[in-house]
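Work through the exercises below with the structure open beside you, and try each task before you read its solution.

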Amino acid sequence: KILQSGDGDITITNDGATILDQMEVEHEIGKLLVELSKSQDYEIGDGTTGVVVLAGSLLEQAEKLLDRGIHPLRIAEGYEMAAKVATKELANISEKFDFDAENIEPLIRTCMTTLSSKIVNRCKREMAEICVKAVMAVADLERKDVNLDLIKVEGKVGGKLEDTMLVNGIVLDKDISHPQMSKEIKDAKIAILTCPFEPPKPKTKHKIEIDTVEKYEELRQQEEKYFTDMVKQCKDSGATLVICQWGFDDEANSMLMQERLPAIRWVGGVELELLAIATGARIVPRFTELSAEKLGSAGLVKEVAFGTTKERMVIIEDCAASKAVTVFVRGGNKMMIDETKRSLHDAICVARNLVRSNNIVYGGGSAEIACAIAVEEEADKIASVEQYAMRAFADALDAVPTALAENSGLPPIETVANIKSRQLKEKNPFLGVDCKEVGTPDMKSQGVFETLIGKQQQILLATQVVKLILKIDD
């Protein structure tokens, strides 16, 4: 979709959460569905479109039941029962797949499934590898946890999508402050400062009268002394690179250059914190507090230039304290880069979810059809009115494979009916919509995976929102 915001900014995306977030929805129930996709985005990071499609089709089915005169609460209860059956069935048909730091191929295959519906699908293999390597670099496999704050996604216009790379360190969109400072520092000792490189300014209103040359000279020397003291304190602590949150004027800059102390200025607060975590440095608020133990260390700091433009960036690699990594995206224009960032975020979230729980179900609508069959079977055992709601839930689950078939240019009703009958006959829950027309509907052999927690979350969230809407009576 192409979206234009109020101030004329254009976004091109097929990420469900982004589309819904940027649309100005007036309707109250519509707003609930936007919140629904956001919560799926926060929790799982992927499957934001699927959850809204499912909720929409549950509401559509509920409308038919209401027209027949079934009470909304009974429908809500039926949906709740059906959701329990569906999540249980998902757990039954899920498979564990094993991976470790050496064998990351299964993770890459799962990320490729996520990326195949995105714009970047022409180089999804490379992108999936980058995402998985980024997650594995910061993953704590014993605790089964991944700190996503340590993975930064940076983008720069220019180059082509294939130039996207993974940097084992941090990329700062800044350059080294003086052109004559050294551009490459090995085994850097980094001082991170949040105090400005300038003489202190009195807070009160003041006026200085200079009526002789001597007084002027004295004032100049005083100012110079401030700068020399600051630079000396940095130098004495053993720092070989200064990173400052504020700017510093030309005088300080030239002094740092004379002392051969490279510096980077105007670095944002978030980046400073990330640098401090990665290099093991302490953020220093006053020059007097600078000491050797508050410095961070990195194996290599270098400035790189791009193309013919004067665009430069600083890369800080081999950080001492923790493995912070940066995915550095290149692309033809800003929209392409933004969309790639969103796609990579989805894939990184999927890899993280697999590190947290390595159960998978198969994609291509196979899991939804298997759940629909299980829910229908369960509905036959129930004598009360809820059985109608459960059957409606099963019909609603078919919306996902139907949409997949339609988007792939296949006849939707015929395709879904065929797969459903084959699943029933062969008792094989891995048969799905053959979107790529490989010739086999078996998603296991095609290698189309999805995370179990992502799918279960979709069904539970969609059901909860629909129950909430059904209970509104006025």
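**Exercise 1.** At roughly what angle do the axes of helix α11 and helix α14 cross?

*Solution.* The model is a predicted one, and we begin by locating the two helices, α11 at residues 366-379 and α14 at residues 412-426. Their axes come within 10 Å and cross at roughly 65 degrees, and the crossing is right-handed. Next we look for the residues that meet: on the α11 side these include I369, A370 and I373, and on the α14 side they include V416, I419 and L424. Sorted by class, this contact has 7 nonpolar, 2 polar and 3 charged residues.

**Exercise 2.** How many disulfides does a search of the whole structure find?

*Solution.* The search finds 0 disulfides. Taking C123 as one case, we see that its nearest cysteine sulfur, that of C131, is 11 Å away. For C244 the closest cysteine sulfur is in C195, and because the distance is 6.3 Å, the two are too far apart for a bond. C244 counts as buried, because its relative accessibility is 0%, and C123 counts as buried at 2%.

**Exercise 3.** Is T279 buried or exposed?

*Solution.* We first place T279 in helix α9, which covers residues 269-279. Its relative accessible area is 3%, and because buried means under 20%, T279 is buried. The side chain of T279 reaches the backbone oxygen of L275 at 2.6 Å. Leaving aside neighbours within four places in sequence, the contacts of T279 include I190, I192, G296 and C319.

Methods. Residues numbered from 1 in each chain as written. Predicted model: local features only at pLDDT ≥ 70, side-chain atom pairs only at ≥ 80, totals over all residues. Heavy atoms only, no water. Axes fitted to C-alpha atoms, helices over the stretch in contact; angles between N-to-C directions. Helix = DSSP H or I, 4+ residues; strand = E, 2+ residues; numbered from the N terminus. Left-handed = near helix turned anticlockwise from the far one by under 90°. Contact = heavy atoms within 4.5 Å. Nonpolar A, V, L, I, M, F, W, Y, C, P; charged D, E, K, R; others polar. Disulfide = S-S within 2.5 Å. Buried < 20%, exposed > 50% of the residue type's maximum accessible area, 1.4 Å probe, protein only. Polar contact = N/O pair within 3.5 Å; in protein donor to acceptor, adjacent residues only side chain to side chain.
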